[in-house]
Amino acid sequence: MSFGRGVDSKWCALMMCALWAIPARAEDPKPTPENTIHVEIAEPVKPQTFPRPLKFFLVDVVDRSGSAQPMLVFKPRGGIFLDHTPSEITRTGLEACLKSADMLAKDRDSADFLLTVYLFNFGLSESSGMDFFGKVEFAVMLRNPKTKKSQQITASGTSIAGVAVRKKNIQKNVQEDIEHAFGDALRNLLRGVKLRDAVATLDATAETPGAPAQPASPTAAEKPPQTN
């Protein structure tokens, strides 16, 4: 009898574990056409101008967020997913901005500078539950392919939107919030002081190395007296 009660207790424990596991799996959201949003910048950010025309080539966008589901930006109520990865969205947006100012190189061989983006955050950050906080954060490695020198700069963007009740309104707020944060981050990168200073430091092509210095023309006071 004692053995039977022990077996019954084990079976009860296993059944309870199984019942707890079922809701846990059911709560894990999956992407569907109804809970997927499309994020893009409404209008390309025009980059700042530089002392000479420059071309940039985007080598790669690397996701360093460490997220197992980078396309899941909101988990409650069935979840909200991006229709493209954050890396793809970042590449498309940044290239569109460079192209709008004719600063996008057709390939790396024709570029004055190479860009590699490391993406740390793309979506929502933690909030108090009353608002959505959009956040996009990345670092960019700027490299001069001629001198092989490089410099890293950072950029980030934030936005806030109120929490909605209806699912469609929640998706709309989340989408607009991320788009505003994304546009803010691109603006901080392309129009910021960090990029201007990095370009000024790395751009050595304006000077021709090894060119002989031209002697200065003597002033009237320095000219030798004429002899009769």
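Four aromatic pairs are present in the structure, which is a predicted model.

**View 1. The pair of Phe50 and Phe56.** The ring centres of Phe50 and Phe56 lie 6.1 Å apart and the ring planes meet at 50°, so this pair is classed as tilted. Phe50 and Phe56 are both buried. Together with Phe113, these residues make up one aromatic cluster.

**View 2. The pair of Phe122 and Phe182.** Between the rings of Phe122 and Phe182, the centres are 5.3 Å apart and the planes stand at 65°; the pair is therefore edge-to-face, as the angle is over 60 degrees. This pair links distant parts of the chain, 60 residues apart: Phe122 belongs to strand β5 (residues 113-125), and Phe182 to helix α3 (residues 167-190). Phe122 has a relative accessibility of 8% and so counts as buried. Phe182 is also buried, because its relative accessible area is 1%, where the limit for buried residues is under 20%.

**View 3. The lining of the largest pocket by element and class.** Strand β5 gives the most to the lining of the largest pocket, with six residues. β3 (72-74) and β5 each supply at least two residues of this lining. Sorted by class, the lining holds nine nonpolar, five polar and two charged residues.

How values were computed: Residues numbered from 1 in each chain as written. Predicted model: local features only at pLDDT ≥ 70, side-chain atom pairs only at ≥ 80, totals over all residues. Heavy atoms only, no water. Phe/Tyr/Trp six-rings, centres within 6.5 Å; stacked < 30°, edge-to-face > 60°. Buried < 20%, exposed > 50% of the residue type's maximum accessible area, 1.4 Å probe, protein only. Helix = DSSP H or I, 4+ residues; strand = E, 2+ residues; numbered from the N terminus. Nonpolar A, V, L, I, M, F, W, Y, C, P; charged D, E, K, R; others polar.
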